[in-house]
Amino acid sequence: MESRRRNHYDVTNQICIADPHEVRDEVSRLLAAHDPQLDDGVLDAAFLTFTRLHAGALPGYAAADTLYHDAQHSLDCALGTARLIDGHERGVPAAERIGPRRALLGVLIALFHDAGYVRRRGDRASNGAAYTLSHVQRSAEFLQRFLPRFGFEQEALLASRIVHFTGYEMALDDIAVSDPRDRALGFMIASADLLVQTADRCYLEKCRDFLYPEFEAAGLAGVRQMGGPEPLYADRDTLMRGTPEFNARLWQDRLDGYFGGIHRHLGTHFEGRYGGRNPYRDCIDDNLQRIGHAIRRGRFDELSLRPRAIDAACMRRKLGLREQVAA
């Protein structure tokens, strides 16, 4: 599968995850299978707001400028969340299902889970990556502001808590979400976030070429900045050599750990397809094999895929805007 997969397509090589319209349509199809009364207008409004946010066409916000945490990643996360929800709803007893409204809420949270990387007009930072250590709280604030516009005023506060399952700014035990269905929703969103990143066809190249500069901007890599945190990575090679261990911890501590292996519901979603295999897991294994080979050879420059960030210019074209929107 991996050799035929296109850079801007999902793990099935069928959905262009750089296109908000394609992702919206597939998400709508998945949610409608459990909710015949699904209001597509909510999805339309949310995906339009998402596109405008990343394009720099949403009042109060500058254009998105982070390369790793780009529009494609968030669209991929929304799709992965919808797939996990579909598998969950088909695979658990009726009493454990999260229901149509939570399902739609989950997709909205996933879609905007990294909105905090987008600078607000008037922010002092020159790049959104400067907010790496605070972006989840900023995303929570975005959700509280915008969810009421999509008809989810009652759930806005809850959503601002659920989104913290995707980050490290708050201890997981401290996230104030008590209803088991809401926690399950948080676990699915956070699991999708991790899976789609590490299953991305260009994951390794994006870590080297896109994520490392984001870490530098946040003070997490390179030379220590005055008043900044202790850098985690001295250079790109250090980041790349740590990739297998980092991925192992994701599975042990989060995917199979705190989140209780909720990712297994992807098996139900993909049931009867791909020879009974989970294409996310297959793509992740391919990436781990590639990085293992590069580490053994000490040649990270041989990671030769050429990723392209789905940036503000791409989103402006989706909106039919030709000129640069001022930051």
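Reader: Which residues touch the most other members in the largest nonpolar core?

Author: In this predicted model, Phe 112, Leu 147, Phe 150 and Phe 165 touch the most other members of that core, which has 82 residues.

Reader: Nice. And which helix gives the largest share of this core?

Author: That would be helix H7, residues 180–199, with eleven residues.

Reader: What is Phe 150 in contact with, leaving aside its neighbours within four places in sequence?

Author: Phe 150 is in contact with Val 42, Ala 45, Ala 46, Thr 49, Leu 108 and Phe 112.

Reader: What does the second, separate core include?

Author: That second core has 19 residues, among them Cys 207, Phe 210, Leu 211 and Phe 215.

Reader: Back to Thr 49 for a moment. Where does Thr 49 lie, and is Thr 49 buried or exposed?

Author: Thr 49 lies in helix H2. Its relative accessibility is 11%, so Thr 49 counts as buried.

Reader: Which backbone oxygen lies 2.9 Å from a polar atom of the Thr 49 side chain?

Author: The backbone oxygen of Ala 45 does.

Reader: Let's switch to H4. How many residues does H4 have, and how far does H4 reach?

Author: Helix H4 covers residues 100–111, so to speak twelve residues, and reaches 17 Å from its first C-alpha to its last. That is close to the 16 Å expected at 1.5 Å a residue.

Reader: Why is H4 described as largely enclosed by the rest of the structure?

Author: Because ten of its twelve residues are buried. They are Arg 102, Ala 103, Leu 104, Leu 105, Gly 106, Val 107, Leu 108, Ile 109, Ala 110 and Leu 111.

Reader: What do the buried residues of H4 pack against?

Author: They pack against H1, H2, H3, helix H5 (135–146), helix H6 (156–162) and H7.

Reader: How many cavities of 30 Å³ or more does a search of the whole structure find?

Author: The search finds one, and the largest cavity has a volume of about 90 Å³. Its lining is made up of Tyr 68, Asp 70, His 73, Asp 76, Val 196, Gln 197, Asp 200, Tyr 203 and Lys 206. H3, H7 and H8 are the elements that give two or more residues to this lining.

Reader: On to backbone angles. What is phi of Asn 13, and where is Asn 13?

Author: Phi of Asn 13 is near 65 degrees, a positive value in a residue other than glycine. Most residues other than glycine have a negative phi. Asn 13 sits in the segment before H1 and is buried, with a relative accessible area of 18%.

Reader: And what about phi of Tyr 274?

Author: Phi of Tyr 274 is near 60 degrees, again a positive value in a residue other than glycine. Tyr 274 is placed in the loop between helix H11 (265–269) and helix H12 (279–297), and counts as partly exposed at 27% relative accessibility.

Reader: Where is Arg 273 found?

Author: Arg 273 is found in the loop between H11 and H12. Arg 273 is partly exposed, with a relative accessible area of 35%.

Reader: How far apart are Arg 273 and Lys 318?

Author: They are 45 residues apart in sequence and 32 Å apart in space, C-alpha to C-alpha.

Reader: Last topic, H13. Which residue caps the N-terminal end of H13?

Author: Asp 311 does, with a side-chain oxygen 3.2 Å from the backbone nitrogen of Ala 313. Within H13, residues 312–319, Ala 312, Cys 314, Met 315 and Arg 316 are buried. Their cover includes helix H1 (20–32), helix H2 (40–55) and helix H3 (71–91).

Reader: And what comes just after H13?

Author: Gly 320, with a positive phi of about 80 degrees.

Note on methods
Residues numbered from 1 in each chain as written. Predicted model: local features only at pLDDT ≥ 70, side-chain atom pairs only at ≥ 80, totals over all residues. Heavy atoms only, no water. Buried < 20%, exposed > 50% of the residue type's maximum accessible area, 1.4 Å probe, protein only. Helix = DSSP H or I, 4+ residues; strand = E, 2+ residues; numbered from the N terminus. Contact = heavy atoms within 4.5 Å. Polar contact = N/O pair within 3.5 Å; in protein donor to acceptor, adjacent residues only side chain to side chain. Core = buried A, V, L, I, M, F, W, Y, C linked by side-chain atoms within 4.5 Å. Expected span 1.5 Å × (residues − 1). 1 Å grid on protein atoms, 1.4 Å probe; cavity = no way out; pocket = protein on both sides within 12 Å on 5 of 7 lines; lining within 4 Å. Points joined across faces, edges and corners; volume = space filled by probe spheres on them.
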